[in-house]
Amino acid sequence: MKAHDVIIVGGGASGLTAAIAAKRAAPALRVALFESGARVGRKLLVTGNGRCNLTNERVEISRYHGGDLAAAGRVLDRFDGAATAAFFASLGVPLRADGTDGKLYPASLQAGSVVDVLRFECDRLGVETLLECHVTALTASGVAFEGGQAAARAVVIACGGRAAPHTGSCGSGYALLEQAGHTLTPLHPAIVPLRTETEPIRPVTKLRIEGVVTAFAGDEMRREAGEIHFAEYGLSGPPVMQLSGFVAARGGADLLLDLLPDRTGEWVLSYLRERRAAAYGDLAENLFLGLTHKRVGLMLLKRAGLSPRQAASSLSDGDLAALATLAKAFPLRATGTAGWADAQVTAGGVPLGEFTGDLMSKKRPGLFACGEVLDVTGDCGGFNLQWAWSSGYVAGSSAAAFAEGER
Ligand SMILES: Cc1cc2nc3c(=O)[nH]c(=O)nc-3n(C[C@H](O)[C@H](O)[C@H](O)COP(=O)(O)OP(=O)(O)OC[C@H]3O[C@@H](n4cnc5c(N)ncnc54)[C@H](O)[C@@H]3O)c2cc1C
């Protein structure tokens with residue numbers, strides 16, 4: 001049986017960072033990275049539409065969700081946005097901002113370059129990377145994998161969650177940690193499209209509209225703005241993905257879509273009155289012409305029970321008020337989310353309270369965890385990868401310190 005000082009299980013964002021952190025902290029240690037896939041960083045390659053939104057200018061704990069956010073905040077503080085930028089600069093990757101929402105990307109705008117530099121740094125430092133090596137169990141001395149066993153003084157579980165399983169994260173990290181006595185909070189797909197009633201939005205299928213989505217469940221409410229994508233099964237797009245964890249955790253939600261977010265309801269109503277008076281085209285279907293996409297107008301008319309072919313001049317004040325209200329607050333029931341295959345992250349996981357501030361298991365000394373397997377979920381915008389870098393760095397350097405102490 002081969003012996004290592006530190007074994008990292010999972011060669012994704014957090015595992016690669018943990019391996020680098022362990023080797024940088026203690027170069028003499030034998031650090032091995034076990035990855036079940038044929039290559040490391042498969043999920044990283046698809047992040048940020050292939051551009052890798054690797055952190056955000058405004059990393060704040062308010063952008064995270066999970067059972068122990070104070071502990072998550074302490075981990076993020078130990079390897080914060082500035083440390084992340086310095087880390088990537090040390091690998092030859094300056095960061096660049098894109099857009100106004102604080103998202104930061106590699107200057108190359110290529111996720112592949114992020115995977116490459118992490119891989120090269122592992123090689124340069126002498127991390128032993130074992131590919132197509134799926135860890136099946138923890139053993140008394142280390143880990144068992146398909147075809148053998150390996151010993152280690154410290155083991156870091158960096159297996160990711162259940163989202164996007166085609167990238168390798170099959171949920172096996174949960175089973176490994178449960179084997180050590182850890183518990184698991186309920187898991188939900190997050191940053192994922194929403195399934196909704198489909199009939200009301202049929203006229204706008206495949207349209208993308210700037211808007212505001214508000215989700216209500218009981219007396220809780222969450223609101224997000226941005227481009228709403230209308231699909232055959234429901235809704236997608238940044239604001240919808242952002243709300244999806246809220247909806248999933250509550251088993252559904254009532255949505256209100258503001259489809260004219262730059263206008264007040266009063267403005268829309270007076271606009272509709274003017275259009276009716278002008279009798280432009282004199283058909284109801286022309287009422288919204290020029291203000292929003294024609295198919296949005298058709299959707300509003302349909303929902304209000306009005307015919308697009310009736311004369312605009314035949315619409316009552318009450319009809320116009322109903323249309324204005326629908327344009328500002330279009331009701332739609334979200335019945336749930338799309339599945340794991342379409343999800344970007346896993347909400348829920350192994351509670352952070354079961355780990356020390358160094359991310360060492362309180363159940364089994366020498367066992368560490370980092371990344372998405374833990375019960376910490378970030379919003380869309382680079383916050384999940386920031387969690388992967390931060391927790392990976394803390395777990396990797398702490399595992400190295402533990403292994404050194406055991407030598
Ligand atoms: C389409 C998509 C786009 C995204 N875009 C962004 C973005 O732009 N910004 C952002 O912040 N976040 C984004 N995310 C989320 C982000 O990629 C994840 O939160 C992050 O990669 C999690 O890192 P991780 O190391 O915990 O897990 P992963 O990156 O999933 O890595 C886990 C690794 O462990 C391996 N593994 C699993 N089980 C075993 C085992 N038993 N033995 C050996 N190896 C194992 C897997 O093969 C995998 O390589 C996106 C996710 C998706 C799916």
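Trainee: If two residues are in contact when their C-beta atoms, placed from the backbone, lie within 7 Å, which residues does glutamate 372 touch, not counting residues up to four places away in sequence?

Mentor: Glutamate 372 touches Gly160, Gly161, Val345, Thr346 and Gly349. This is a predicted model, in which local features need pLDDT of at least 70 and side-chain atom pairs count only at pLDDT 80 or more, while totals for chains, interfaces and linings use all residues. Residues are numbered from 1 along each chain as its sequence is written.

Trainee: Is glutamate 372 buried or exposed?

Mentor: Glutamate 372 counts as buried because 30 C-beta neighbours lie inside 10 Å. The cut-offs are 20 or more other C-beta atoms within 10 Å for buried, 12 or fewer for exposed, and partly exposed in between, with C-beta atoms placed from the backbone.

Trainee: And where is glutamate 372 placed?

Mentor: Glutamate 372 is in the loop between strand 19 (367–369) and strand 20 (376–378). Helices (H or I, at least four residues) and strands (E, at least two) are DSSP runs, numbered from the N terminus.

Trainee: How many helices and strands does the protein have?

Mentor: The protein has 11 helices and 20 strands. Its C-alpha trace spans about 85 × 40 × 35 Å along the principal axes, and buried residues make up 50% of the 407 residues.

Trainee: What is the domain assignment?

Mentor: Domain 1 covers 2–188 + 342–406 and domain 2 covers 193–338; such bounds come from an automatic or database domain assignment. Their centres, taken over C-alpha atoms, are separated by 41 Å. Domain 1 gives 7 residues to the contact and domain 2 gives 8 residues. On the side of domain 1 that touches domain 2, there are 2 nonpolar, 3 polar and 2 charged residues. Here Ala, Val, Leu, Ile, Met, Phe, Trp, Tyr, Cys and Pro count as nonpolar, Asp, Glu, Lys and Arg as charged, and the others, Gly among them, as polar.

Trainee: Changing topic, which strands close into a barrel?

Mentor: The barrel has 6 strands in the order 12-15-14-13-16-17, with antiparallel pairing. The twist from one strand to the next averages 45°. Two strands pair if DSSP finds at least two bridges between them.

Trainee: What packs on that sheet?

Mentor: Helix 7 (residues 238–249) does, touching strand 12 (194–196), strand 13, strand 14, strand 15 (234–236), strand 16 (253–258) and strand 17 (330–337). The direction of helix 7 makes about 140° with that of strand 14. Axes are lines fitted to C-alpha atoms, for helices over the stretch in contact, and angles run from 0 to 180 degrees between N-to-C directions.

Trainee: How many bridges join strand 13 to strand 14?

Mentor: There are 10 bridges between strand 13 (residues 208–217) and strand 14 (residues 220–230), which run antiparallel. Arginine 222 in strand 14 is the bridge partner of alanine 215, and methionine 221 is that of phenylalanine 216. The two strands form a hairpin with 2 residues between them, and glycine 218 in the turn has a positive phi of about 60°.

Trainee: And how many bridges join strand 14 to strand 15?

Mentor: These antiparallel strands are joined by 2 bridges. Strand 14 and strand 15 form a hairpin with 3 residues between them, and histidine 229 has serine 236 as its bridge partner in strand 15.

Trainee: Which residue has a positive phi of about 50° although it is not a glycine?

Mentor: That is isoleucine 191, in the loop between strand 11 (188–190) and strand 12. Most residues other than glycine have a negative phi. Isoleucine 191 is buried, with 26 other C-beta atoms within 10 Å. Lysine 206 has a positive phi of about 75° and is found in the loop between strand 12 and strand 13. Lysine 206 is exposed, with 9 other C-beta atoms within 10 Å.

Trainee: Finally, which of the 40 residues around the ligand come nearest?

Mentor: Gly10, Gly12, Gly160, Gly168 and Gly371 come nearest. A residue is near a molecule or strand if its C-beta atom, placed from the backbone, lies within 6 Å of it. The shell divides into 15 nonpolar, 21 polar and 4 charged residues. Helix 1 (13–25), helix 2 (42–46), helix 6 (172–179) and helix 11 (383–406) each supply at least two residues of the shell.
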